[in-house]
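Please read them alongside the coordinates.

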Protein chains: 2
Amino acid sequence: MAETSAEKEQLRKIRAGDVRTASRLIRNLEDGLPEAKSSIKRIFPHTGSAHILGVTGSPGAGKSTLVDALISSFRKKEKTVGVLAVDPTSPFTGGAILGDRIRMQRHAEDPGVFVRSLATRGALGGLAKAVGDAVHVMDVMGKEIIMVETVGTGQQEVEIINHSHTVVVVLVPGMGDEIQAIKAGIMEIADIFVINKADRDGAAQLAGELTAMLSMVPEFPGGWQPPVIRIGNVFDTGPFGASLEELASAIGDHHRRLVETGLLGDRMRRKTMVEIHEALRDAILEPILQDLIKSGEMEDLAGRLLRKESDPYTLAEEVARRYLK
Amino acid sequence: MAETSAEKEQLRKIRAGDVRTASRLIRNLEDGLPEAKSSIKRIFPHTGSAHILGVTGSPGAGKSTLVDALISSFRKKEKTVGVLAVDPTSPFTGGAILGDRIRMQRHAEDPGVFVRSLATRGALGGLAKAVGDAVHVMDVMGKEIIMVETVGTGQQEVEIINHSHTVVVVLVPGMGDEIQAIKAGIMEIADIFVINKADRDGAAQLAGELTAMLSMVPEFPGGWQPPVIRIGNVFDTGPFGASLEELASAIGDHHRRLVETGLLGDRMRRKTMVEIHEALRDAILEPILQDLIKSGEMEDLAGRLLRKESDPYTLAEEVARRYLK
């Protein structure tokens with residue numbers, strides 16, 4: 001692939017940490033522009049240095065506030081930080097209504113911090129790919145720690161978390177039984193648990209339940225027992241005031257353990273497998289869908305199904321025979 | 001396709017509402033067995049009679065309790081009911097930890113009610129298809145109203161909701177700003193809003209915010225203005241005691257409106273498009289992924305990426321060229 005001078009310049013600028021160039025590329029990735037894909041191809045070989053942190057948990061668990069406090073903590077240690085906030089999209093505003101996370105704007109003047117939001121507007125599997133690519137951009141910018149904050153705990157979020165080396169799951173007391181169920185669903189991906197708003201009733205009980213669940217696990221990979229860290233208010237100096245630093249330390253400890261035990265390689269492999277799956281979907285299924293839509297055949301297929309002349313599986317097999325070798 | 005007598009018998013039994021045959025087929029669909037796919041092909045032409053209701057909302061919003069109360073309400077009107085509860089999977093128990101929804105078991109003796117859970121164990125897009133197929137089974141069983149209850153509000157849940165004719169979004173007061181954001185993300189799919197636990201502080205405020213958001217919409221399809229129904233406790237006779245019947249009526253009204261305005265056809269078309277997408281993924285992408293995994297090539301691809309010899313997009317394009325005509 002012949003590189004144009006504009007392409008070389010783009011890579012050079014991103015590697016130099018240029019905010020404007022990186023932001024434009026992330027925007028283009030989100031919009032699915034073909035030139036953005038070419039850019040990712042070129043920057044990919046320069047990725048792999050950052051420590052990628054996934055921060056997930058239930059809505060209302062206070063993830064943004066926690067991420068904001070962690071930025072300050074990492075900056076005190078002179079680490080550069082990238083943050084990617086994955087936001088729900090409002091059909092009314094057409095964009096990410098949490099915007100660029102107002103609270104984090106206090107870091108806007110700090111060249112060591114780069115915060116971007118990604119809206120979940122892309123349907124049918126595009127989001128995880130856009131997130132992975134945006135993380136690559138921040139990685140190439142030289143951000144040492146990249147935090148990916150996702151709202152919710154659905155399957156898609158779990159896939160996004162597969163892009164991380166260290167996963168922090170944020171819980172809050174008193175959210176009811178279903179939360180406990182979901183919590184169980186993300187247990188296996190958590191490296192660190194945070195019980196946020198731990199000054200609320202039920203915090204000790206939740207910590208106890210979590211510890212009990214963890215004690216049922218016979219052996220953790222690399223001998224890493226996920227710590228349960230209680231944080232009252234990230235800005236206060238109350239009984240849990242020191243816990244934010246405890247969390248920051250745990251994140252560093254986990255990364256060292258990953259490196260020492262060779263588990264980092266496993267995590268990177270897992271992340272790579274997810275990326276291959278997403279790229280295959282993009283390269284194989286997406287062009288066929290576009291083709292069917294453009295030719296009007298998708299409409300014909302829908303008509304045949306609505307008239308009960310066939311069933312989705314039989315029609316899909318017919319299409320597959322035409323497109324596959 | 002030549003039908004065996006066993007296949008004919010299966011279809012006959014499902015059409016007669018046989019619980020054992022239907023349950024086995026749903027289980028096989030969940031496990032992705034090939035014979036289950038053949039069964040769906042055969043039953044598909046007999047689908048299309050049920051009113052399919054999606055019930056979604058945040059974790060802890062009380063969806064299961066509401067669905068349970070709606071079962072009783074529909075049964076009083078002598079409607080037969082199917083319920084499909086989509087559950088998070090626990091990696092520790094390996095199954096749906098909410099099980100078959102203990103609370104709904106009080107309907108277990110009623111042949112007019114069929115309740116099944118589906119676990120979200122299928123990664124990468126399999127869930128929505130399994131849900132759609134299970135709904136088809138209940139439809140062919142003759143269930144007049146089928147409720148699909150999903151936990152969470154992620155992209156995957158939104159796709160599952162695309163299988164419904166009427167969508168009920170359940171909210172609770174006092175869940176924080178992020179809930180409001182998510183709420184906005186599912187605004188466009190909601191036909192009816194329920195504010196559950198409306199005896200809590202903040203219910204009136206939430207109702208006001210919702211109404212204000214809805215008033216910004218210039219025109220609703222078919223002139224259907226989504227009602228906002230406050231429910232205190234589905235089992236009490238307090239100030240909101242009548243609201244469950246209000247909800248059941250609104251569900252009936254919405255269905256009538258869909259039929260009268262011809263919007264039901266649009267909804268069925270949307271549902272059909274989602275089914276085609278899922279079937280195409282299943283027929284085109286899935287066999288290629290399986291092929292790459294079995295031949296060991298997936299491992300090779302991962303290795304090349306980890307050694308930064310290539311990038312995911314370039315590798316996927318190489319694979320696409322080999323498999324696509």
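1. Chain A contains 12 helices and seven strands. Helices (H or I, at least four residues) and strands (E, at least two) are DSSP runs, numbered from the N terminus. This is a predicted model, in which local features need pLDDT of at least 70 and side-chain atom pairs count only at pLDDT 80 or more, while totals for chains, interfaces and linings use all residues. Residues are numbered from 1 along each chain as its sequence is written, with chains lettered from A and ligands numbered from 1 in the order in which they are written.

2. Of the 325 residues in chain A, 49% count as buried (20 or more other C-beta atoms within 10 Å of a residue's own; exposed is 12 or fewer, partly exposed is in between, and C-beta atoms are placed from the backbone). Taking chain A contacts between residues at least 6 apart in sequence, 74% join residues at least 24 apart. Two residues are in contact if their C-beta atoms, placed from the backbone, lie within 7 Å.

3. Strand β1 (residues 51–57) of chain A is largely enclosed by the rest of the structure, because seven of its seven residues are buried. In a regular strand the side chains alternate between the two faces of the sheet. In β1(A) both faces are covered: one side has His51(A), Leu53(A), Val55(A) and Gly57(A), the other Ile52(A), Gly54(A) and Thr56(A), all of them buried.

4. β1(A) pairs with two strands (pairing needs at least two DSSP bridges between them). β1(A) and β4 (residues 145–150) of chain A run parallel and are joined by five bridges, with Val55(A) opposite Glu149(A). Five bridges also join β1(A) to β5 (residues 166–171) of chain A, again parallel; here Leu53(A) stands opposite Thr166(A).

5. Between the chains, helix α12 (residues 312–323) of chain A packs on helix α10 (residues 263–294) of chain B at about 50°, with the axes 8 Å apart. Axes are lines fitted to C-alpha atoms, for helices over the stretch in contact, and angles run from 0 to 180 degrees between N-to-C directions. α12(A) is therefore oblique to α10(B) (angles under 35 degrees are roughly parallel, over 145 roughly antiparallel, 65 to 115 roughly perpendicular, and the rest oblique). Residues making the contact include Leu315(A) and Val319(A) of α12(A) and Ala279(B) and Ala283(B) of α10(B). By class, the contact has 12 nonpolar, no polar and three charged residues (Ala, Val, Leu, Ile, Met, Phe, Trp, Tyr, Cys and Pro are nonpolar; Asp, Glu, Lys and Arg charged; the others, Gly among them, polar).

6. Helix α11 (residues 297–306) of chain A also packs on α10(B), at about 110° and with axes 9 Å apart, so the two are roughly perpendicular. α11(A) passes α10(B) in a right-handed crossing. Met298(A), Leu301(A), Ala302(A), Leu305(A) and Leu306(A) meet Met268(B), Arg269(B), Thr272(B), Met273(B) and Ile276(B). The classes here are eight nonpolar, one polar and one charged. Ile276(B) is also among the α10(B) residues that contact α12(A).

7. Within chain B, helices α1 (residues 5–15) and α3 (residues 34–43) pack at about 60°, axes 11 Å apart, and are therefore oblique. Their crossing is right-handed.

Methods: A crossing is left-handed if the near helix is turned anticlockwise from the far one by less than a right angle, and right-handed if clockwise.
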